Amino acid sequence: MSFLHFIVNDVLGQASILISLIAMIGLIALKKSPGQIITGTLKTLLGFLVLLSGASIIVNALNFLGEIFQKGFHMRGVVTDVGSIAGIAQQTLGRETALIMVLAFIVNILIARLTRFKYIFLTGQASLWMATVCSVIGYMGGLRGAELIITGGVIAGVMAVGMPVLAQPIVRKITGSDDFALGHFCTIGYIVQAGVAKITGNVNKSTEDLELPQALSFLQDTYLSMMVVMIPIYLIPAIAAGPEVVAPFANSVNYLVYSFLQSIQFVVGVYVLLSGVRLLLAEIVPAFRGIALRIVPNAIPALDCPVLFPYAPNAVIIGFISTTIGSVIGMFLFPSLGLAMILPGMLTNFFAGGTAGIFGNAVGGRRGAIIGGIFHGLFITLLPALLLPLLGKFGFSNVTFSDSDVIGVGLVFGHILNFFH
């Protein structure tokens, strides 16, 4: 049993190792030489870990920004934190959540094998969040044992194919190919942004074609322009919060200097993350074709949202900022309608907002990225507020899910179970 635990949890439970093994199997299926197999496997591992390192740098910088933002502007409300809910769920529903994840992957493979929808969902943490909402809502709705696991597994497995199917027409427009799909459970929000962008935008004026005066030509460099944008985004909340709030983070460094450096750290994280994405895609896409030839003909890997960032880096930042503006508007607007105040989640605003910005730019140019982003921010603030009363009945207070697809499943699944029970 201990050996099985080691294999399932310590080896296959590590996303970097799992995706590297998938690459290795694909290269073996393609009958590559031993040297090519070793090179491809290790580069996949390296690329994934570089990606994770970049994401970790961004997360740390955004956690700091979220803290000073809330305290600097004296905001009190509900936090969108799927990690907290997952942690609570693991204490009582860890086994069920894990089995739902396994069954969902099997269902995903079966659908891809037997239908024309060939997408294999490979974003581990997103799969965990979907399994978590299925286990929590299902359990609190009266489902137990095999009934809970099978129902949750089927729902999660269908979503693992359905969301890439929904996003792929625009992903294809962004990337120019079907080499990979989007495996991220914020897809409903992306479609909302794209819909608004289509109506309000102009696809001929892309975020990536901004023309600047000669004196500002240095801003043509993606990372320099990102620095210019992020520095005030960090300094303004830091000034509002004051040195006392920043001090626990700064370790005797002047609070403004520390906030400035954190803004640069954010850009460093983006640079590292995009480097990892490029390295990962260079290896995993060819290797995945090997698996496709053997198990699921013409299979398409559905990967996490940062894989799209290199295609429109300006749109990522515009999407992040406009989504944050929309979420701040929603934070004040929705309580007047009797809903809870949902605090802006900087992590969601960056990763989901940035990806939504790419979608908006693809169909509506820079105007679509901006206007659509504001609507996206309103949408991803409204959904958690709608889910909160349902979670409150189930014992969760002051915390809610953040990803639009996960919340959508929670709302529909929860209300169906309430109706029948």
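These are my notebook entries on what I looked up in this predicted model.

**Entry 1: ground rules**

I worked on a predicted model, where local features need pLDDT of at least 70 and side-chain atom pairs count only at pLDDT 80 or more, while totals for chains, interfaces and linings use all residues. Residues are numbered from 1 along each chain as its sequence is written, and side-chain values use heavy atoms, with hydrogens and water left out.

**Entry 2: the overall picture**

I began with the inventory and found 13 helices and five strands in the protein. Helices here are DSSP runs of H or I with at least four residues, strands are runs of E with at least two, and both are numbered from the N terminus. Buried residues make up 52% of the 421 residues. For the record, buried means under 20% relative accessible area, exposed means over 50%, and partly exposed is in between, with a 1.4 Å probe and protein chains only. I then turned to contacts, meaning heavy atoms within 4.5 Å. Of the contacts with a separation of 6 or more, 82% are between residues 24 or more positions apart.

**Entry 3: the three-stranded sheet**

In which order do the strands of the open sheet stand? I read it as β2-β4-β3, with parallel pairing. Because β2 and β3 stand at the edges with a single partner strand each, one side of each is left without a neighbour in the sheet. Two strands pair if DSSP finds at least two bridges between them.

I went through the bridges next. Strand β2 (residues 119-121) is joined to β4 by three bridges, and phenylalanine 121 stands opposite alanine 302. Strand β3 (residues 181-182) is joined to β4 by two bridges. There, alanine 181 has alanine 302 as its bridge partner, and leucine 182 has leucine 303.

Are the faces of β4 (residues 300-303) covered or uncovered? Both are covered, with Ile300 and Ala302 buried on one side and Pro301 and Leu303 buried on the other.

**Entry 4: helix α5 and its two partners**

Two packed helices are described by the angle between their axes and the distance between the axes. The axes are lines fitted to C-alpha atoms, for helices over the stretch in contact, and angles run from 0 to 180 degrees between N-to-C directions.

Helix α5 (residues 124-140) packs on helix α13 (residues 404-420) at an angle of about 20°, with the axes 9 Å apart. That makes α5 roughly parallel to α13; angles under 35 degrees count as roughly parallel, over 145 as roughly antiparallel, 65 to 115 as roughly perpendicular and the rest as oblique. The crossing is right-handed, meaning that the near helix is turned clockwise from the far one by less than a right angle. On the α5 side I noted Trp129, Met130, Val133, Cys134, Ile137 and Gly138, and on the α13 side residues including Val406, Val409, Phe413 and Leu417. By class, this contact has nine nonpolar, three polar and one charged residue. Ala, Val, Leu, Ile, Met, Phe, Trp, Tyr, Cys and Pro count as nonpolar, Asp, Glu, Lys and Arg as charged, and the others, Gly among them, as polar.

Then I looked at α6 (residues 145-175). Its axis and that of α5 come within 9 Å and cross at roughly 145°, again in a right-handed crossing. Met130, Cys134, Ser135, Gly138 and Tyr139 of α5 meet Leu148, Gly152, Ile155, Ala156 and Met159 of α6.

Helix α10 (residues 255-294) holds serine 263, which is buried at 0% relative accessibility. Leaving aside neighbours within four places in sequence, serine 263 is in contact with Met230, Ile231 and Tyr234.

Glutamine 262 is also in helix α10 and is buried at 12% relative accessibility. Not counting residues up to four places away in sequence, glutamine 262 touches Asn60, Ala61, Phe64 and Tyr234.

**Entry 5: positive phi in two loops**

Most residues other than glycine have a negative phi. I noted a positive phi of about 75° at serine 252, in the loop between α9 (243-250) and α10. Serine 252 is exposed, with a relative accessible area of 79%. Asparagine 298 has a positive phi of about 65°, lies in the loop between α10 and β4 and is exposed at 64% relative accessibility.
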